[in-house]
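Colleague: I am new to this structure. Could you walk me through a few of its features?

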Amino acid sequence: MELSSEDNNLTEKFLPPIEQESDVELETKVKKYLRGEGANLETLKDKKLKTQLASREKLYGKSAKTAAKIEKWLLPAEAGYLETDGLEKTWRVKQTDIANEVDLLSSRNQYDIVLPDFGPYKLDFTASGRHMIAGGRKGHLALVDMMSMNLIKEIQVKETVRDVAFLHNEQFFAAAQKKYAYIYGRDGTELHCLKERGPVARLRFLKNHFLLASVNKSGQLHYQDVTYGGMVASIRTGKGRTDVMEVNPYNGVVALGHSGGTVTMWKPTSQAPLVQMQCHPGPVSSVAFHPNGHLMATSGKERKLKIWDLRKFEEIQTIHGFHAKTLSFSQKGLLAAGTGSFVQILGDSSGSSSSHNYSRYMNHSMVKGYQIEKLMFRPYEDVIGIGHSMGWSSILIPGSGEPNFDSWVANPFETSKQRREKEVHLLLDKLPPETIMLDPSKIGAMKPSRRKEKPSRGEIEAEKEVAIEAAKSTELKKKTKGRNKPSKRTKKKKEMVENAKRTFPEQGHNNTASKKRRIGEDAAAELPASLKRFARKN
Amino acid sequence: MVGEKRRSTSKNLAKNKKRKGPHLPNSILKTIANEKRPLNSDEEDDEIDSDDANVDLYEYEEGVPEEESRKNNRYDPVVNYDYELPEDFEDENVESDDDDEGGNSDNEEGEGDVVRHTRMLQAVTGMPSAAFDGESKRKPVLFTEAYPESEFNPTRDVLEGKGLLTIDDFMAPIEGKPGFNDLQKRISRMQKDTQAVVHAPLPKPERERLERKAVKGLVDKEFNKWVHMVKRNREAPTVYFNQNVSLGYSTVGAIASEFQPRTDFEKKMASVLNDNELGEAHDEDGAKLLELNEVSVEDHIKYRDHIAKMRSLLFRHELKSKRIKKIKSKTYHRLKGKDLKKSAMGALMDPEMAKEEAMKQEARRVEERMTLKHKNTGKWAKRMISRGLNVKYDGTRAAISEQLQINATLSRKMNSTNDGSSSDESDDEEELNDGSDQDTPSKLIAKAREKTLKTVEDDEVPNSGLLSLPFMARAMKKKNEEAIEEAKRALEEYEEWENSGGEENSKKTADVSGRRVFGATAKVEAPKESRKDSDNFYDNSDSDNDMEGIENNDLRAVRDTASPVRNTGAITETEKFDDDIENPASKTTFDVALFASGSWKKMKGCQNAETKKKTKKHVPYSKSQDKKESRDEESEDSESEAEQMVDGILTSASKETYEIPSQAELIQRAFAGDDVVDEFEKEKQEVLNQEVPEPEKPVLVPGWGQWTNIQKKRGLPSWMVREHEDAKKKRTLDLKTRKDARLRHVIISEKVDKKAEKLHTTTLPFPYTSKEVFEHSMRMPIGPEFNPATIVGSLNRPEVVKKAGVIIKPLKFEEANPNEKVDDEHPRSNQKQNPKKGGKTGKGQRKGKSKQKTKA
């Protein structure tokens, strides 16, 4: 399934660089499996904890090293790429040239399906890349098995189809039609009509959360849980109509591009956008996310393509003179941009994971007059699917797909039994919608400090009143003769009320002082003087 | 010896107190005295003696007059010291050879001491040394006795414990007597034994301190040898207990083989079991066994009595049941029946039975509602009511109310068995009933037919689960067919009934309400035909073959059911089936035209709903039919379709052609980029104001602080201004610390997501003390999906590994091996434990030895 044929007499080579696994290489792999740096244990004062954590870190290191060593057996295939000699440029290589060099199986992935009647086609692939759904503007829905090139089902809904999306597997797909969105089964039966959303412009499925996200014509964003059908969130974006919508695969955040040049990012549990970015001065025409979630590509109608670092929310590259109607990142980080009848593939030439420099990698121009509607890289294949006004096409882009598939994640050769089992596993592993956040690695960490931690003044006062009332209404015990005098009783009562008041500290005075105090100091302050030296200092 | 020294000095102090002159506070003096005392002087015996001499000497040399000392009565005279007396007693035994020497040395020492002492006192008190001279040049005091010495007035010596009798004094008289030598020897031995003088114990705190010091060293040493083990255990990620301890026998047989009878019973059993005779008898033949199997007379009698008792019980029970059978009381049987029913209710949980019961109940209800038998419509009841006898007599009233009760129970609906829609319908019918009671039989028929129809329609084959299996599906199909046949027959019957009864009905209705009757039959015919036409489309799919019949039936039936509705409710409907087929795109526009005019406007909503419901039933069919049809005639359809649907552009144009943007949008698009940046900035400001609100401006309460002009000029009180300033400062700080503070083009919401809060910990989990370390440790997943199998075990090993049932013994000492590294790979047993073996000590010992070897 991987484009990896060796040819040395021609300009392009798809070389799996089989090199001696040097220490450096192993180290980089180990780094990958270590998932970041360990904490600095020197700051710890507790010796026991320190040694225990140190031993744990050692285990992690061991684990990472073993994993790195095993990797070559588990991930045997290497991603292919185009290599040129001397003055040859990779973007001069045509699909016909590639077709001459690759094996038969791969060359079968270069084709055009001409369906002139049903207008521009939207595409979607399943996570494994095995199946594709194509939705023609004029109501043609086709489910295709990409491996055998069989047409599994084809239906004509006789309505405008604005978008199509697979649900968690190829058994279900959703189509945004003229009035409502519908969910169809694999055999083309209509399973659900999603009336609540109104006329849907774009559909995306969040496969970890089982949420079907859609934005409708009036700019409302809907999240619907497809497991039980409940509408999880319905959000008014307030930015007008949009048909630019993409899901960040890393964290499940949905990004919308608006006509004002802003890109907004949303999660279902908040009505306000997580992030708003002014990306372009003109309308945003498309958005795409790198699979690792750190990069975002946007293109505006002012003929600029920008690449953003989502960790810093900074622009890292601007590519001028290019307006992309559709953008797509491949699994290996190639960026495809399509306008008119022209597809451009940009590759990250810097090579390192920290800095990015996207430059031309390949070009492909369709037959004149074809209008590209949707580009999407096929997962686990070096193939990009192009949905256009005259059907759909598929071309080879060496080095775009992940060469090794993980059958636990997505298996292109899945049997029906495996699929069923997978479905159950997916459902068991379903994430609740609140886990969608900008930085999902923060889940399980300490709660971020809240800005407004204290109860408001009114709340405190209400509480105080309640406490005072309670103190006033307490019945005093009958005491012996001398101590049961009314004066004594009133005195006692007064005292109780005072005590109740005292539990609520005076407001306004100690606010600043207490805030300055840190947590550790707080603990120390509470202790009596004699025990202060035992207070834990971090 | 230390105590000795101290005694002397303290005595000096006692003397001091009697003297005049500058005095230090008592406590200081004491401490000074303590300071002076040398800690390790060797000649203890000497000192003691010299001390004695000194004391005497001092008494004589004391030059200060007694009166003066009395006059200066600032201190209480110290009569005695605690540790003086025992000391002196001991002293007597000590032989003093070198009085002078000791005295001299003491004096010399004393001289030196005195000099030092005065110097120190000078330093402490700041007084001239002359003031302390008296101390050093003190003279012993001479006491003159006022009374002659007698037993009533003992000498001072005696009083002070000096000049007491010694053992020698006692010995002297018996010198030369028999046994004297012996005694002498013993005494001398005793004296030798007491050579080492027991001195006064140190003050308690000091003694304890010393003790502690000594003990600490020992304990430290003792404990330090454990340190390495403790450290190792504390730092070990996992502690193992008794790794290789065998837990004993694993099988029941093994346990049984070791069994020794202990109690009497066990012994008895064992004796029987191991009886050779019995074994032999068993082996040889059964006859001998019989011989052995003797039954004692008592046992036999017991058995016989038991049998007799049982028989008598049985007999009594029989009698009782006979008597019960004979009872003819109605109430008794009714109560009994009730009980039975109650128990039967349990059986009714079985759905089949329940259904049957429900059906019966339904029939009874219908009957009741038709006849109104229990509504006191009878002759007797009417009479009773008309004459007011029901009020008069309790019995009558009770009977009548009972009748009503029965009616209520009978006519109560059974909701549980019927589904919602049918109950709705029955509701409707009830309403209808109110209007026209005479219609009931026809209604009943209609209802029954509807029910059958519903059941026929509901027979959908589930497409998943157990029922979707092929053989199940086949069986279901068969069943369905049978049911459908039956339903057909039933429907026909209904029709017949209705034809006979409906005519009457119509006549009746005409009589009663004067409603017009429409010739509905003709109108119904047309759609039926069209439906049949449409059914032909199904022929290509064989799976639908058997469904066809049903549909036909259904449709006909539905049509028919519609007709009585028209009769009663006067609703005409025309359904554009033809239009439908021609215009397949409009799947939801299944038009139902309701003509209601003039007098028929009064029609009831329920009827309306009913008809609608019926019409809705068709929708799915028409839909699916549409699709099928479209498949067949796609080429024709699509053309017309395309023209219909989209705004008519087939050429490959960009997407904008499909959606005509609104005017405002067009303008916005045209002038996009003009002020989007400004707009964005404004928006950002808004968001910031919302998330970090600006502090409220301090406002003066009118009249507050405005008594005089001066106050007015002063403006706001300073604290208000200060507070406002603080709030402002805080806000700017907050704004600065925001993530998007430096990014002009970005707004990052810092709202706290309450729903996501449960995904964070509020406190640090136990061993961690710093947030960073904790969060870093969280970065690595430890599950088997993310780690190589070789590491997963050690990543997830629990803190303590222990076999169940093993007793954890206290830590045993092991020699430290400083070079040994803690090896996590190989589980290390913290305590070696010998397997418990009852009598076999030898084995255990051997094992222990071998372990020791391994340890070494």
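Modeller: Start with a helix pair. This is a predicted model. Two packed helices are described by the angle between their axes and the distance between the axes. Here helix H6 (residues 457–473) of chain A packs with helix H7 (residues 486–502) of chain A at about 160°, and their axes are 9 Å apart.

Colleague: Are H6(A) and H7(A) roughly parallel or roughly antiparallel to each other?

Modeller: Angles over 145 degrees count as roughly antiparallel. H6(A) and H7(A) are therefore roughly antiparallel to each other. Their crossing is right-handed.

Colleague: Which residues make the contact?

Modeller: H6(A) brings A:Lys464, A:Ala467, A:Ile468, A:Ala471 and A:Lys472. H7(A) brings A:Lys493, A:Met496, A:Val497, A:Ala500 and A:Lys501. Of the residues in this contact, six are nonpolar, four are charged and no residue is polar.

Colleague: Now the strands. How should I read a sheet?

Modeller: Strands of a sheet pair through backbone hydrogen bonds, either parallel or antiparallel. In chain A, four strands form an open sheet in the order S1-S28-S27-S26, with antiparallel pairing. Strand S1 (111–114) and S26 are its edge strands, as each pairs on one side only. From one strand to the next, the twist averages 15°.

Colleague: How many bridges link S27(A) and S28(A)?

Modeller: Six bridges join S27(A) to strand S28 (residues 391–396) of chain A, in the antiparallel sense. A:Gly387 stands opposite A:Trp392 in S28(A).

Colleague: What about S14(A) and S15(A)?

Modeller: Strand S14 (residues 244–247) pairs with strand S15 (residues 254–257) in chain A, antiparallel and over four bridges. A:Val247 stands opposite A:Val254 in S15(A). Six residues lie between the strands of this hairpin, and A:Gly252 there takes a positive phi near 80°.

Colleague: Which residues of S14(A) lie on each side?

Modeller: A:Val244 and A:Glu246 lie on one side, A:Met245 and A:Val247 on the other. All are buried, and both faces of the strand are covered.

Colleague: Is A:Phe313 buried or exposed?

Modeller: Buried means under 20% relative accessible area. A:Phe313 has 7%, so it counts as buried.

Colleague: And A:Tyr380?

Modeller: A:Tyr380 sits in the loop between strand S26 (372–378) and strand S27 (383–388) of chain A. Its phi is positive, about 65°, although A:Tyr380 is not a glycine. With a relative accessible area of 9%, A:Tyr380 is buried.

Conventions. Residues numbered from 1 in each chain as written. Chains lettered and ligands numbered in written order. Predicted model: local features only at pLDDT ≥ 70, side-chain atom pairs only at ≥ 80, totals over all residues. Heavy atoms only, no water. Buried < 20%, exposed > 50% of the residue type's maximum accessible area, 1.4 Å probe, protein only. Helix = DSSP H or I, 4+ residues; strand = E, 2+ residues; numbered from the N terminus. Axes fitted to C-alpha atoms, helices over the stretch in contact; angles between N-to-C directions. Parallel < 35°, antiparallel > 145°, perpendicular 65-115°, else oblique. Left-handed = near helix turned anticlockwise from the far one by under 90°. Contact = heavy atoms within 4.5 Å. Nonpolar A, V, L, I, M, F, W, Y, C, P; charged D, E, K, R; others polar. Pairing = 2+ DSSP bridges.
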